[in-house]
Amino acid sequence: MSDSIRVVIVDDHSIFRSGLRADLDETVEVVGEAADVPSAIAAIREKMPDVVLLDVHLPGGAGADATGGESVIRGSAPTTARFLALSVSDAAEDVVRVIRAGARGYITKGSSGVEVSKAVHAVAGGDAVFSPRLAGFVLDAFGAVAGETAAVDDELDRLSAREQEVMRLIARGYAYKEVAAELFISIKTVETHVSAVLRKLQLSSRHELTVWASERRLL
């Protein structure tokens, strides 16, 4: 299991969690489960999974995140886990809300165990995954047109690969020492990279960097 993808399953129906656990292939290791927002956040922080399979509608959400899924994503930050929404809902509103919160993909519960396993690997590898009929919602909501993508690529080309890594972690709210630990570099080196990123992107603060990265869907 050393090469397996470690996942936490978050869903308020125990029968669904059990069934999903049984259907995932041997390359996916379930290291934890949760049924509501508080227990999900606790499990993610304790288990530090590669991917979180996340139902959109969960008990325990509050305020603007009342559906629950967004509360889990935001409440778990900072985390290196990637979130894959797995829901019975295919409503455009649900898809857009959870993607805006930071999920890397959204598939429906009609997906097979093989399909979910493949999606887990894709998301763990940094790809975005959507059920075919949901992709249009995402393209419409985020304006993913060729010109916009090219503009973002041009801006990222100003940064080295290491600077891009640092930029994403800082934009997600990581402290300098957390970035240093994550990338196995010194805090001084992190500070140097952040200064370079801000200079190259013509930004003046970490807050502006977060806004810049969020607007370009780089978080």
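Reader: How many salt bridges does a search of the whole structure find?

Author: The search finds seven salt bridges, a salt bridge being a side-chain nitrogen of Lys or Arg within 4 Å of a carboxyl oxygen of Asp or Glu. This is a predicted model, where local features need pLDDT of at least 70 and side-chain atom pairs count only at pLDDT 80 or more, while totals for chains, interfaces and linings use all residues. Residues are numbered from 1 along each chain as its sequence is written, and side-chain values use heavy atoms, with hydrogens and water left out.

Reader: What does Glu33 form a salt bridge with?

Author: One partner is Arg17, with the closest N and O atoms 2.9 Å apart. Glu33 sits in strand β2 (residues 28–34) and Arg17 in helix α1 (residues 14–23), so the pair ties together parts that are 16 residues apart in sequence. Helices (H or I, at least four residues) and strands (E, at least two) are DSSP runs, numbered from the N terminus.

Reader: And where does Arg21 come in?

Author: The side chain of Arg21 also meets that of Glu33 in a salt bridge, at 2.9 Å from N to O. Arg21 is in helix α1 and Glu33 in strand β2, so this pair ties together parts that are twelve residues apart in sequence.

Reader: Arg17, buried or exposed?

Author: Arg17 counts as buried, at 12% relative accessibility. Buried means under 20% relative accessible area, exposed over 50%, and partly exposed in between (1.4 Å probe, protein chains only). Glu33 is partly exposed at 29%, and Arg21 is partly exposed at 39%.

Reader: Which residue does Glu46 form a salt bridge with?

Author: Glu46 pairs with Lys47, the closest N and O atoms being 3.8 Å apart. Glu46 counts as exposed at 58% relative accessibility, and Lys47 as partly exposed at 30%.

Reader: Which residues are linked in a network?

Author: Asp11, Asp55 and Lys109 are linked in a network of salt bridges.

Reader: Changing topic. Where is Gln164 found?

Author: Gln164 is in helix α8 (residues 161–171). Its relative accessibility is 19%, so Gln164 counts as buried.

Reader: What does Gln164 touch?

Author: Leaving aside residues up to four places away in sequence, Gln164 touches Leu156 and Leu159. Contact means heavy atoms within 4.5 Å.

Reader: How do the axes of α8 and α11 cross?

Author: The axes of α8 and helix α11 (residues 206–215) come within 9 Å and cross at roughly 100°. That makes α8 roughly perpendicular to α11, a label for angles of 65 to 115 degrees; under 35 is roughly parallel, over 145 roughly antiparallel and the rest oblique. Axes are lines fitted to C-alpha atoms, for helices over the stretch in contact, with angles running from 0 to 180 degrees between N-to-C directions.

Reader: Which residues make the contact?

Author: From α8 there are Met167, Ile170 and Ala171, and from α11 there are Arg206, Leu209, Thr210, Trp212 and Ala213.

Reader: And the chain as a whole, how many helices and strands?

Author: The protein chain has eleven helices and six strands. Of its 219 residues, 44% count as buried. Among contacts between residues at least 6 apart in sequence, 61% join residues at least 24 apart.
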